[in-house]
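Hi,

Here is the structure I said I would pass on.

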Amino acid sequence: MKSEITNRIAGLRHFMRKHQLSAFIIPSTDPHMGEYVPAHWEARKWISGFTGSAGTAVVTPDKAGLWTDSRYFLQAAEQLEGTGFDLFKDRLPDTPSITDWLGSVLKAGDKVGIDGWVNSYQETCDLQKALEKKQICLTLAPDPFQELWTDRPELPGDQVFIHELKYAGISCGDKIAQIQEAVHRNGCTGILISALDEVAWTLNLRGSDVHCNPVFVSYLLITDNGSTLYIIENKLSEEIKGYLAENGVEVKSYPAVEEDLKAFTGKLQVSTGVNAAIHAAACTNSVVEVAPSPALLLKAVKNKTEIEGFHHAMERDGVAMVKFLRWLKAAVPTGNETEISIDRKLYEFRAEQDSFKGISFDTIAGYKDHGAIVHYEATPETDVPLKAEGMLLLDSGAQYLDGTTDITRTLVLGTLTEEEKTDYTLVLKGFIQLSMAQFPHGTCGTQLDALARLPMWKAGINYLHGTGHGVGCFLNVHEGPHQFRMNHMPALLVPGMTVTNEPGIYKAGRHGIRTENTMLIVPAQETEFGTYYKFEPLTLCPIDKEAILTTLLSDEELEWFNHYHEKVYNRLSPKLNNEEREWLKEVTSPLKR
């Protein structure tokens, strides 16, 4: 594999010489700026051998680098060794930015190439400005992988299906009308929706073009004269074509979007994440307004039907988790289970549940030191047997027709060190502090992020990933615009939003610990100082008590923990058999000092 990577880099360098480029930048995205992308656009993975979901590769005539974030530092170091790519640990103080690095290895007048279809317009503008300061030119180049990647996967051709109104809550026609109203308020006559989850949500359609995300490759143009879906047409059955026609949506081929945008006249709104090639086409004959898509916020605030669906989905997922955890605790001492085998077993328990449509992301099952690799995914080469000692970090989720789940539990498999118990309890304290938050209208996720970190900060410990993200409704498990992060995220937290709460501690070579629930933002109280909101836990699953140092918990934290476990038992016990119910009763019994 290492020699293949070397040959691929050589092929890209030949392409660069042919097009008089001194560097080429390869992001992890597709034309729709998705976090997870169809195999057809996994060019960064193909050129570098690094399989993480986030990262940017840069190749020059004699150097190659890959930038990725803290979730993947350990994984990237292993996978890049011997490939010719140097690892740059993004967001660390000593790590140069891509443009600073290019400024140090290139000379004035050199040209840097990017494929405009897989780089956002905003990022392209930022790159251009930064490189201009170094007298380096940025140019939109052809896609090099069209010729270099000889066995490149085709565009996905799976069928699209209807997400029924009993799950969606609002009709396709009403959603289009809401979007048109927002577009008009922005002074525009049309909007191009390019994010795949926004297209799927708007049309109440789902697909399977992206691993774990029920979306389909397409663009949606909504104007005063009607709507047009640009898609590979053989993905649509006659039923779907009829459904779209009934809702006033015309169907055209996927590539036709470029020429239609060039011909569009008026004022067109495009999202802040639109790719550079689409933006250039739209600017041909129309005025272009770059602004957040109204579908982004409309989708993030769940309606009554979606909220009810989430509650039902979480109950079924909780039942699957309880069955699995009971099995796991008994199975590990036999010595016959590994990280991969328990992943398969968890899938089996979830697949037994009604409306199950697959996993929402690849399961992270990290035993002992593997738990310190934030987005670890076991492979046949890394898979290890589980023993009756240490801890297992298990981060998993499922797609159901009525909701998407995302849950992490760190599980005690046997004897622990005092350090492991202390770290486990610090993570739990942060998790509970954020869970208990009440906050006024106008609060954003950045303002609450420190609640989860404070217990760890007091011990001189931090984690480098965000504390939480939105969750789609039978859509992408990562959803914006709101997040809990240290860096500023201006999107306000409002009732109806779902959001995860997942602080952690990661110590390389020792252990990783994370606890995560998905939560719903709900009204809390009205006071003379305004409207206040709080979090309601959606996830229903016991939290392992065996590692908790109760002396480190405050009375308030202990009370919250016991109340949560009481809720878990009351909601799940009626759906379990007698043996499972007794097991759940024991593991959710009140925690005492």
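Cysteine 283 is partly exposed at 37% relative accessibility, while cysteine 444 is buried at 4%. For those words, buried is under 20% relative accessible area, exposed is over 50%, and partly exposed lies in between, with a 1.4 Å probe and protein chains only.

Before you go further: this is a predicted model, so local features need pLDDT of at least 70 and side-chain atom pairs count only at pLDDT 80 or more, while totals for chains, interfaces and linings use all residues. Residues are numbered from 1 along each chain as its sequence is written, and side-chain values use heavy atoms, leaving out hydrogens and water.

**The whole chain**

The protein comes to 19 helices and 28 strands; these are DSSP runs numbered from the N terminus, helices being H or I with at least four residues and strands E with at least two. The radius of gyration is 25 Å, which agrees with the value near 25 Å for a compact globule of 593 residues (taken over C-alpha atoms; the globule rule is 2.2 Å times the number of residues to the power 0.38). Along the principal axes, the C-alpha atoms fill a box of roughly 70 × 55 × 50 Å.

Of the 593 residues, 58% count as buried. Among contacts with a separation of 6 or more, 69% are between residues 24 or more positions apart, a contact being heavy atoms within 4.5 Å. The accessible surface is about 24,000 Å², and carbon and sulfur atoms hold 50% of that (Shrake-Rupley method, 1.4 Å probe; for residues, only the protein chains shown count as cover).

**Strands**

Two strands pair if DSSP finds at least two bridges between them. Strand β13 (residues 267-270) runs parallel to β8 (residues 190-193), joined by three bridges, and also pairs in the parallel sense with β14 (residues 287-290), over four bridges. From β13 the chain crosses through helix α12 (residues 276-282) to β14 in a right-handed β-α-β crossover. Right-handed means that, with the strands pointing away from the viewer, the path from the first strand over the helix to the second runs clockwise.

There is also an open antiparallel sheet of three strands, in the order β15-β18-β19. Its edge strands are β15 (356-359) and β19 (403-404), each pairing on one side only. Two bridges join β15 to β18 (residues 398-400), and phenylalanine 356 stands opposite tyrosine 400.

**Backbone points to check**

Most residues other than glycine have a negative phi, and most peptide bonds are trans. Glutamine 20 has a positive phi, near 55°; this residue lies in the loop between α1 (2-18) and β1 (23-26) and is exposed at 62%. Methionine 33 also has a phi near 55°; this one is in the loop between β1 and α2 (43-48) and is partly exposed at 22%. Lastly, the peptide bond from glycine 480 to proline 481 is cis, with omega near 5°, and proline 481 is found in strand β23 (residues 479-484).

Cheers
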